[in-house]
Amino acid sequence: MTQKNKTIPQHFDCIIIGTGPAGLGAAFKLLDERRNIKILMLDKTNFSTGGLRNDCKMNFSYPIGFPLDNWTSEDAESYLEQVEKILKPTLLEKQNLEIYRKRASSLGVDLLNIRQSHLGTDGGLELIKKLTNQLESLGVVFALGEEAVSIDETDKILNTLKGSYRYDNLIIAPGRQGFLFLQNLMKELKINFMDNIVDIGIRVETRLEHYPIVKDYYDPKFHFPGKVRTFCTNSGNAHVVQEQYKTHDNKTFYSVNGHAWSKNKKGENGLVNFAMLKTIQLTAPLASGHEYAEIIGLQAALLGGNKPIMQRVGDFRLSKRSNEKSFNSDYYDFEPTLKSCTPGDIALAVPSKIMRAIWKSMKQLDTIIPGVLHPSTIMYYPEIKMYANKPEFLDHHFKVHDGVYMIGDGAGTSRGITAAWASGIRAAEGILN
């Protein structure tokens, strides 16, 4: 084929891979400063993805969501002001915080006072629709269901499973599930990176009366000694869900997560769920946190019959596995919201050092909020958070290569919706300047 017969790729000023909060933040900032800019946003799924889809809890206080190696308090607070101007959150009120903080402090536990907003899963979907409609009205092109596969760095061409596009600038923001894609791309572009941190833990589900703090503080952020913390609390109409992941050699494992519908959508089911996560940093020898997480996930899948594992606290305390009877009799007075899990013994699957740290923290939490360790409380395993890619950035704007920026949870510049949006703004500023 002669050169003149080749199809010339469509050209965009900026292509954004990923339609979650990081990508959206970048697009809004670019358009705010340069209205005629041509932007293409791709997502391998057939819908806009990211944290906005799942319960849509947003935190507007540093350091929640902001990795300390990338953000100072002054920087984060400045960008959060810009995020608030676009998202216009209704902040939740908190009550009786000092009571809980005093109890926590006596045990060496910190309860952070965070400015929060909560829309619920249904509210998050409505927000996504509103934001994407705004961008489309401003000329942004969305290519949903189109997966990026490689980059021609010399000619600045992005190749997807459906075609090719030429770009001046490329923002890569595929989120946590784009972890392997990011790693492969960094290797292709010879970008130095580290991947040695991962969060491993459980999701706790219990009755509202056993964790009443959520009536005063929707998503309480407890930080325990031993690098354990509570994460992503859901109440009202709350459910535990599972997420599917693929390993580097295409094996399947599952991680649990949680979400809640808004009260206006489906009323309340009287349950609460939240994660207890321990941060693991692999340093000697320096090893891949992602590969470690894959091994953890595959081991759990093996012991759970290719499903996550669930166990009642009452059984765990007696060092016996849960079975079907553990979920329908006597003290065990509510059904699990993720019924597809396998009743079992999570102590067989969780590495002992991690389980000891989590269980110690849960006993401290039960002292702060008596009742959370009621025998009926369910522990689901595993909950794994893989957002530890640490590219070697060339500047303050998360530039990693000529015209290429990596942002969001998958690139380690954020750990949540608002910080991801802020990292999108910072990358956009790098392009605009």
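This is a predicted model: local features need pLDDT of at least 70, side-chain atom pairs count only at pLDDT 80 or more; totals for chains, interfaces and linings use all residues.

Modeller: Residues are numbered from 1 along each chain as its sequence is written, and side-chain values use heavy atoms, with hydrogens and water left out.

Colleague: How do you know that the span of helix α7 agrees with its 15 residues?
Modeller: Helices are DSSP runs of H or I with at least four residues, and strands are runs of E with at least two, numbered from the N terminus. The expected span is 1.5 Å times one less than the number of residues. For α7, residues 289-303, that gives 21 Å, and the end C-alpha atoms are 21 Å apart, so the two agree.

Colleague: Which residues of α7 are called buried?
Modeller: Buried means under 20% relative accessible area, exposed over 50%, and partly exposed in between, with a 1.4 Å probe and protein chains only. Gly 289, His 290, Ala 293, Glu 294, Ile 296, Gly 297, Ala 300 and Ala 301 are the buried ones. Looking down the axis of α7, they fall within an arc of 165°, so they line one face of the helix; the arc is taken from the directions from the axis to the C-beta atoms. Ile 295 and Leu 302, on the other side, are exposed.

Colleague: What makes β9 a partner of β1?
Modeller: Two strands pair if DSSP finds at least two bridges between them. Strands β1 (residues 10-17) and β9 (residues 164-172) have seven, in the parallel sense, so they pair. Ile 16 has Ile 171 of β9 as its bridge partner. Ile 171 is also bridged to Tyr 405 in β22, and β22 (residues 404-406) runs parallel to β9 over three bridges. Strand β8 (residues 157-160) is antiparallel to β9, with three bridges.

Colleague: Why is a set of residues called a nonpolar core?
Modeller: Because its members are buried Ala, Val, Leu, Ile, Met, Phe, Trp, Tyr and Cys residues joined through side-chain atoms within 4.5 Å. The largest one here has 52 residues, and Tyr 211, Phe 222 and Met 276 have the most contacts inside it. Helix α9 (residues 352-368) gives the most to this core, with eight residues. Another core lies apart from it, with 43 residues, including Ile 16 and Cys 56.
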